[in-house]
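Colleague: Can you walk me through this model? I'd like to start with the strands and then get to the charges.

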Amino acid sequence: MVESNEHIWIFGYGSLIWKHSLLDFSEKKYGYIFGWKRRFWQGSTDHRGVVNAPGRVVTLINDELNLPENDLPQEEHQLPSRTFGIAFKIEKENIEKTLSYLDHREKGGYSRHEVDIYNDPDDSEPIVKSALIYIATVDNEEFLGWKPIEEIAGQIYKSVGPSGTNIEYLLNLAQALRNLNINDYHIFTLEKIVKKLIQEEEERENEEKSNNNEE
């Protein structure tokens with residue numbers, strides 16, 4: 001059991017990147033994992049959406065599944081995929097409470113897995129071996145999968161749940177990745193589309209106010 005370890009590492013690739021103050025960690029390392037890509041393909045009915053109107057949050061998709069993405073540019077199809085994030089070291093005295101917190105937080109379809117984390121240009125040796133990671137696999141009941149990027153953006157734009165708006169989740173993640181100099185085509189494309197939707201709504205509201213003032 002990992003609870004008996006002297007310490008563990010937890011790899012964050014989603015909201016933990018910008019909400020890591022929620023963890024009691026002693027060290028963090030920046031790196032990436034091989035063979036997985038970050039996608040807004042997991043439904044959220046407990047955080048960024050509700051049962052009848054689920055939001056979308058990120059999970060990881062394994063390259064070996066070879067799931068199609070019809071709107072992904074050819075240059076983004078390079079394999080193996082790399083997903084960048086942050087590894088957090090949890091000391092023994094904090095392992096039980098940390099895993100209890102994360103198990104509850106990620107109960108909407110996520111399960112524990114282990115990955116090696118790299119940060120060396122030649123990928124010779126991992127900087128962390130067997131880090132814990134929470135992944136919503138394709139067989140969980142809230143998995144939504146691929147949709148055209150505009151459709152995913154539209155769902156994010158309108159979804160709200162107990163933890164706040166889906167827009168907030170996307171924009172905070174995009175900014176956190178940008179702050180780390182991480183380029184993520186999927187995330188940044190969604191950010192661009194959603195920001196355009198926000199701008200269009202603001203323009204409509206301003207136009208309506210202007211029309212009302214004229215009356």
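Colleague: Is strand β1 (residues 7–12) largely enclosed or open, and why?

Modeller: Strand β1 is largely enclosed by the rest of the structure, because five of its six residues are buried. Buried means under 20% relative accessible area, exposed means over 50%, and partly exposed lies in between, with a 1.4 Å probe and protein chains only. Strands (E, at least two residues) and helices (H or I, at least four) are DSSP runs, numbered from the N terminus. Before we go on: this is a predicted model, where local features need pLDDT of at least 70 and side-chain atom pairs count only at pLDDT 80 or more, while totals for chains, interfaces and linings use all residues. Residues are numbered from 1 along each chain as its sequence is written, and side-chain values use heavy atoms, with hydrogens and water left out.

Colleague: Which way do β1 and β5 pair?

Modeller: Antiparallel, over six bridges, with β5 covering residues 82–91. Pairing takes at least two DSSP bridges between two strands. Ile 8 has Ile 90 in β5 as its bridge partner.

Colleague: Switching to charges. How many salt bridges are there in the whole structure?

Modeller: Eleven. A salt bridge here is a side-chain nitrogen of Lys or Arg within 4 Å of a carboxyl oxygen of Asp or Glu.

Colleague: What does Asp 24 pair with?

Modeller: Lys 97, with 3.4 Å between the closest N and O atoms. Asp 24 is in the loop between β1 and β2 (27–34) and Lys 97 is in helix α1 (residues 92–105), so the pair ties together parts 73 residues apart in sequence. Asp 24 is partly exposed at 37% relative accessibility, and Lys 97 is partly exposed at 48%.

Colleague: And Glu 168, what is its partner?

Modeller: Arg 48, with the closest N and O atoms 2.7 Å apart. Glu 168 sits in helix α3 (residues 166–179) and Arg 48 in the loop between β3 and β4, so this pair ties together parts 120 residues apart in sequence.

Colleague: Is Arg 48 buried or exposed?

Modeller: Buried, with a relative accessible area of 4%. Glu 168 is partly exposed at 36%.

Colleague: What about Arg 112, which side chain does it meet?

Modeller: Asp 103, in a salt bridge of 2.6 Å from N to O. Arg 112 is partly exposed, at 33% relative accessible area. Elsewhere, salt bridges with shared partners join Lys 37, Arg 39 and Glu 69 into one network.

Colleague: Last one: where is Glu 207?

Modeller: In helix α4 (residues 185–214). Glu 207 counts as exposed, at 52% relative accessibility.
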